[in-house]
Amino acid sequence: MTIFLFALREHLKSRLILAMLLVFPLVLLFIPSLPDSLPMALSLFGLLDFYSAFLLSRLIVEDRMRSVVVRIAAAPISHLQYLANHLCASLALLVVQNVVFVVTARVVYGNSLTNWGVLLVVYLCYAIMTLSFSLAWNSLFRSYAVSFSLFSGLGSIMCLVSGLSFPLRFLPPNLQKAVRILPTYWLAHALDALYHTDRAAIALACLVLGAYSAIFLLLGSKRRL
């Protein structure tokens with residue numbers, strides 16, 4: 001069995017992960033919408049995706065805790081191959097989550113609400129960023145429990161001030177400028193651009209998310225024993 005299939009099997013054993021991938025995205029669609037913006041479910045999905053990516057990075061942390069990385073050094077597989085297989089397995093599940101949410105949202109809200117194809121592309125860029133961020137974040141800790149407890153607070157704050165937990169326009173103007181440094185802000189930026197059909201802003205958001213993904217991958221992919 002390949003590492004990719006092994007990681008998929010281990011993830012799918014978790015009821016919490018299955019719920020976050022297939023159930024919670026549908027629950028978001030029942031949240032009331034606010035005027036002058038896309039439905040709140042579309043931005044709150046960013047918070048769900050953030051935590052989903054973090055949960056899907058658990059196997060890598062646990063392997064490091066069990067010194068699996070040390071044994072890989074003596075195996076006929078490189079650390080890069082090991083990491084790529086795990087990340088691809090996690091990303092495949094996030095893609096399923098994104099597709100399920102977008103398809104269902106299109107049915108609920110109607111085809112004319114927004115460009116659903118572009119929205120899916122934005123979500124996929126964001127999913128890659130969240131997975132890369134989780135990899136980099138977990139590389140700082142040897143205990144998944146400690147990592148998760150700190151991430152729970154940080155992730156909630158990041159999504160709150162970035163405009164994912166509630167519309168960005170409700171934040172003070174100075175804070176709106178300051179939070180542009182946060183990667184989660186660029187999903188809120190892309191959603192606002194989608195609402196106003198600003199293609200240049202959408203492209204910029206995707207490019208920034210891609211840049212953050214590259215940085216986090218470089219930081220998190222270093223082998224730590």
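Entry 1, second largest cavity. I looked up which element gives the largest share of the lining of the second largest cavity in this predicted model, and I found that α7 does, with 3 residues. For the volume I recorded about 40 Å³, and I noted that the structure holds 2 cavities of 30 Å³ or more.

I turned next to α9, which runs over residues 144-162 and has 19 residues. From its first C-alpha to its last I noted a reach of 25 Å, close to the 27 Å expected at 1.5 Å a residue. I also looked for a bend in α9, and I found a kink of about 30° centred on Phe151. Phe151 is itself buried, as are Tyr144, Ser147, Gly155, Met158, Cys159 and Ser162 of the helix. I kept in mind that an α-helix has 3.6 residues a turn, so residues three or four places apart point the same way.

I asked myself what covers the buried residues of α9. The cover includes α4 (40-56), α5 (58-65), α8 (116-138) and α11 (185-195). Finally I checked the backbone just after α9, where Gly163 takes a positive phi of about 95°.

Key: Residues are numbered from 1 along each chain as its sequence is written. This is a predicted model: local features need pLDDT of at least 70, side-chain atom pairs count only at pLDDT 80 or more; totals for chains, interfaces and linings use all residues. Side-chain values use heavy atoms; hydrogens and water are left out. Helices (H or I, at least four residues) and strands (E, at least two) are DSSP runs, numbered from the N terminus. The expected span of a helix is 1.5 Å times one less than its number of residues. The bend at a residue is the angle between axes fitted to the seven residues ending there and the seven starting there. Buried means under 20% relative accessible area, exposed over 50%, partly exposed in between (1.4 Å probe, protein chains only). Contact means heavy atoms within 4.5 Å. On a 1 Å grid over the protein atoms alone, a cavity is a set of points where a 1.4 Å probe fits but cannot get out, and a pocket is an open set with protein on both sides within 12 Å along at least five of seven lines; lining residues have an atom within 4 Å of a point. Grid points are joined across faces, edges and corners, and a volume is the space filled by probe spheres set on the points.
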